[in-house]
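Grab a pencil and work through these exercises with the model open beside you. Try each task before you read its solution.

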Amino acid sequence: MKKLFIMAAAGTLAAVGATSCGGNAKMTTDTDSLAYSAGIVLGTMAYRMDSTMNPNLIAAAIKDVYAKKGKMTDLEADAFMREYMMNKFIRESAAKNTEFIEKAVADGAQTLPSGLVYKIENAGSDRKVAVGDSIYAKYKLTLPDGQLVEEQTNAVPFLLEEGKLIKGWIEGIPQIGEGGKITLFVPADLAYGEQGHGPIAPNQALQFDIEVTKVVPAPTK
């Protein structure tokens, strides 16, 4: 019985192999099946990379490789793909960042001349934080898609000084006083810019929810 089952399965596979599979392609041998499988893998990868690519050019490039008439070397093709995908990521990231900032403004947030967008949840004391002050703050950092990057639920000390903190904090926190709460929608150029930082990608806009629990004024000169 087992032998008959194996023979039946083999017959089924042979029938499938001889079946037309898209266009004029037919698989009549294992090598044909391998070739079509390779095409499926390459096609799927290309589609996921950029679904707007012309499949006829992909097929033409494969034929050029087989004919040893490729218009790019392997290294040139790899370098171009890397640069293209990086630029694509930058363009898409910039579009998402712009949408994120514009949505915050549409929801009632205020904007500083630098492009920093903020929303005061609680103004705090009448004496506003000043550059040079030391502060204790709780904060939460999220990405435009809502992904939590970091959260500090216990107040930690910061020196509000250029070079010590990102520009978004330097400009945003002085909008409130001790006990105040503020949400900062920080464009990439006021955050970590083109370099990024740890899990924060290059050219990434950020959202900070900050509560200033204590302010230590800068020493009077």
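**Exercise 1.** Which residue in strand 6 is the bridge partner of Ile135?

Before we start, a quick note on what you're looking at. This is a predicted model, where local features need pLDDT of at least 70, side-chain atom pairs count only at pLDDT 80 or more, and totals for chains, interfaces and linings use all residues. Residues are numbered from 1 along each chain as its sequence is written, and side-chain values use heavy atoms, with hydrogens and water left out.

*Step 1.* Find strand 3 at residues 134-142; strand 3 is joined to strand 6 by 9 bridges, and the two run antiparallel.
*Step 2.* Look across from Ile135 into strand 6, and you land on Val215.

**Exercise 2.** Work out the order of the strands in the sheet, and say which strands stand at the edges.

*Step 1.* Recall that two strands pair if DSSP finds at least two bridges between them.
*Step 2.* Trace the open sheet: its 6 strands come in the order 1-2-5-6-3-4, with antiparallel pairing.
*Step 3.* Strand 1 (110-111) and strand 4 (148-159) each have a single partner strand, so they're the edges, and one side of each has no neighbour in the sheet.
*Step 4.* Check the partners. Strand 4 pairs with strand 3 over 8 bridges, with Pro157 standing opposite Tyr136.
*Step 5.* Look at the turn between strand 3 and strand 4: this hairpin leaves 5 residues between the strands, and Gly146 in the turn has a positive phi of about 95°.

**Exercise 3.** Describe helix 4: what does it lie across, and which of its residues are buried?

*Step 1.* Check its span. The expected value is 1.5 Å times one less than the number of residues. Helix 4 has 33 residues and reaches 48 Å from first C-alpha to last, close to the 48 Å expected.
*Step 2.* Helix 4 (residues 74-106) lies across strand 1, strand 2, strand 5 (181-186) and strand 6 (206-216). Its angle to strand 5 is about 140° (axes are lines fitted to C-alpha atoms, for helices over the stretch in contact, and angles run from 0 to 180 degrees between N-to-C directions).
*Step 3.* List the buried residues (under 20% relative accessible area, with a 1.4 Å probe and protein chains only): Lys88, Ser93, Asn97, Phe100, Ile101 and Ala104. Their cover includes helix 2 (30-49), strand 2, strand 5 and strand 6.
*Step 4.* Zoom in on Ser93, which counts as buried because its relative accessibility is 9%. Neighbours within four places in sequence aside, Ser93 is in contact (heavy atoms within 4.5 Å) with Pro202 and Asn203.
*Step 5.* Step past the end of the helix: Gly108 follows, with a positive phi near 105°.

**Exercise 4.** How many residues of helix 3 are buried?

*Step 1.* Find helix 3 at residues 55-66; it reaches 17 Å from its first C-alpha to its last, close to the 16 Å expected.
*Step 2.* Count the buried residues among its 12 residues: you get 0, so to speak a helix that is hardly covered.

Notes:
Helix = DSSP H or I, 4+ residues; strand = E, 2+ residues; numbered from the N terminus. Buried < 20%, exposed > 50% of the residue type's maximum accessible area, 1.4 Å probe, protein only.
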